Amino acid sequence: MVSRVEHPAAGYRKIFDTVEELNEPIPAEISGVLPPWLQGSLLRMGPGLFEVGDEPFHHLFDGQAIIHKFDLKDGQVTYHRKFIRTDAYIRAMTENRVVITEFGTAAYPDPCKNIFSRFFTYFKGIEVTDNCMVNIYPIGEDFYAVTETNYITKVDPDTLETVKKVDLCKYVSVNGVTAHPHTEADGTIYNIGNCFGKNMSLAYNIVKIPPAQKGGFGMTSNYFVFVEQPVKINLLKFLSAWSVRGTTYMDCFESNESMGTWFHLATKNPADYLKNHKFRTSAFNVFHHINTYEEEGFVVVDLCTWKGHDFVYNYLYLANLRKEWEEVKRAAVKAPQPEVRRYVLPLDRGKNLVSLSYTTATAVLHSDGTIWLEPEVLFSGPRQAFEFPQINYSQCSGKKYSFAYGLGLNHFIPDRIVKLNVQTKETRAWQEDDCYPSEPLFVPTPGATKEDDGVLLSIVVKPGAERPGFLLVLDAVELKELARAEVNTIIPVTLHGMFRPKPSS
Ligand SMILES: CCCCCCCCCCCCCCCC(=O)OC/C=C(C)/C=C/C=C(C)/C=C/C1=C(C)CCCC1(C)C
Ligand SMILES: [Fe+2]
């Protein structure tokens, strides 16, 4: 479904405005009918503070982490939010300036310090941010708010209080892990991270957290799929220039114009990188895998891609996202174009043609031993992205499936919720004038057997409305509204989150 909606009033700017945290949960006004079984908490992370004193944060990923919660209990809904007490937040509040460099905003030494202490501050080394504004997920009994560095922050999902900061470097050999781990039915968590070794070597390490104690990569029953894209961190810049010249993480990325995109496969058990399987295709950016599964000797990989090697994050500066609508549209024309794609990787190197009857994806063995992949396009619309994908994770992760749900981005502005049938390519959408939704989370109906038997939960902002923020509950089959729970506050943009069902008593 391609959006034809225009946004001349630029109401989307409101999702990039600073808000205050709340002292206590506020009641929401419900319209429609909430499914009686839908009891628990929707927890979501995003930026909530977009400037400190007179210093603005510049990039979408820089604002300070705020956790949002909609509680659904016995037909009542409340909304609560709190800033996470990260070091980045506490020090910014204490000094009334940006103290720790964020993704696209550099921190500068305190101008009140004398020249000597400023000099030493410059050379103190890299203070990596703990601004956990990207996602929240459970590890065992605990809940952690995360970004993609080595720091994760334990939070109390009931009170939203910050509990403690954890440095992953103390436990595993990584410099950072994705904000999108996979979780198996027994609670085992898998994640992928980068690791800087000796002599400037760089490795990708898979981290497994056993259940006793979701993805940025693909995982089937037996394989991990890692997509190496042409936008990379320049390690030299990161380790040298970054710490002394007030450079940002954004400045450390480089686009490689010639490498295209590589797919890597590793087996899960035993853990082994399949170095002889060399899959190549043309250049794209990818931030979110939809699903990955094995069938008849092939690994099927469904992805939200952005065509080309130009880095999509270059277009996510707040100044761009806050522009007038006509300017937003002009900028998006120059950016990489989105497409939902299916790639099919043959596991048997001799069998170089994709023989799955239902896909037009191809794989061709080249004389140098590499296999060149061409995708099947599952969804494409000019400057219309299907992003922040979700599936019925508990039933379909790593398995053949039919439905993906996503946030529709119209020239990067989130303005609809979309359901995509990855088998028939049919789409359905929910959309309302001047409404800006977030990633739709699928919650299955208890005991359901049909893949799309459940609801979608999204936080929506409708700037001009009397109650401008609401929790939207959609029926996942038809994408029809079941209920909304409105509150008298704007809710800034959120990236990712989870639904925590009411703990059984
Ligand atoms: C919700 C609607 C938003 C409106 C616009 C959205 C447009 C979206 C277009 C594309 C999709 C983008 C997906 C974004 C996914 C996401 O959640 O990304 C957040 C990721 C972040 C903030 C990553 C941070 C990574 C850091 C800080 C890494 C740091 C490091 C290095 C750069 C070098 C090595 C070490 C280290 C510290 C790990
Ligand atoms: Fe993400």
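Modeller: Let's start with L479, which is buried, with 21 other C-beta atoms within 10 Å. Please keep in mind as we go that this is a predicted model.

Biologist: Happy to. Where does L479 sit, and what is its phi?

Modeller: L479 belongs to the loop between strand 35 (469–475) and strand 36 (480–487). Its phi is near 60°, a positive value in a residue other than glycine.

Biologist: In which strand is F388 found, and is F388 buried or exposed?

Modeller: F388 is part of strand 29 (residues 384–390). The cut-off for calling a residue buried is 20 or more other C-beta atoms within 10 Å. F388 has 24 of them, so it is buried. Its phi is also positive, near 50°, and F388 is not a glycine.

Biologist: Now to helices. How do I read the buried residues of helix 1?

Modeller: The general idea first: an α-helix has 3.6 residues a turn, so residues three or four places apart point the same way. In helix 1 (residues 87–95), the buried residues are A88, Y89 and A92. Looking down the helix axis, you find them within an arc of 95°, so they line one face of helix 1.

Biologist: Which strands do those buried residues pack against?

Modeller: They pack against strand 4 (51–52), strand 6 (64–73) and strand 7 (76–83). After helix 1 comes N96, with a positive phi near 55°.

Biologist: What is the strand order in the open sheet of 4 strands?

Modeller: The order is 23-24-25-28, with antiparallel pairing. Strand 23 (284–295) and strand 28 (376–379) are at the edges with a single partner strand each, so one side of each has no neighbour in the sheet. On average, neighbouring strands of this sheet are turned by 25° against each other, direction ignored.

Biologist: How many bridges join strand 25 and strand 28?

Modeller: Strand 25 (residues 338–346) pairs with strand 28 over 3 bridges, in the antiparallel sense. R342 stands opposite E376 of strand 28.

Biologist: Which peptide bond is cis?

Modeller: The bond from N269 to P270 is cis, with omega near 5°. P270 lies in the loop between strand 20 (261–267) and strand 21 (272–273).

Biologist: And ligand 1: which residues come nearest, and how does its shell divide?

Modeller: Of the 26 residues around ligand 1, the nearest are F61, E148, G176, Y249 and F287. The shell divides into 17 nonpolar, 7 polar and 2 charged residues.

Terms used. Residues are numbered from 1 along each chain as its sequence is written. Chains are lettered from A and ligands numbered from 1 in the order in which they are written. This is a predicted model: local features need pLDDT of at least 70, side-chain atom pairs count only at pLDDT 80 or more; totals for chains, interfaces and linings use all residues. A residue is near a molecule or strand if its C-beta atom, placed from the backbone, lies within 6 Å of it. Ala, Val, Leu, Ile, Met, Phe, Trp, Tyr, Cys and Pro count as nonpolar, Asp, Glu, Lys and Arg as charged, and the others, Gly among them, as polar. A residue is buried if 20 or more other C-beta atoms lie within 10 Å of its own, exposed if 12 or fewer, and partly exposed in between; C-beta atoms are placed from the backbone. Helices (H or I, at least four residues) and strands (E, at least two) are DSSP runs, numbered from the N terminus. The arc is that of the directions from the helix axis to the C-beta atoms. Two residues are in contact if their C-beta atoms, placed from the backbone, lie within 7 Å. Two strands pair if DSSP finds at least two bridges between them. Axes are lines fitted to C-alpha atoms, for helices over the stretch in contact, and angles run from 0 to 180 degrees between N-to-C directions.
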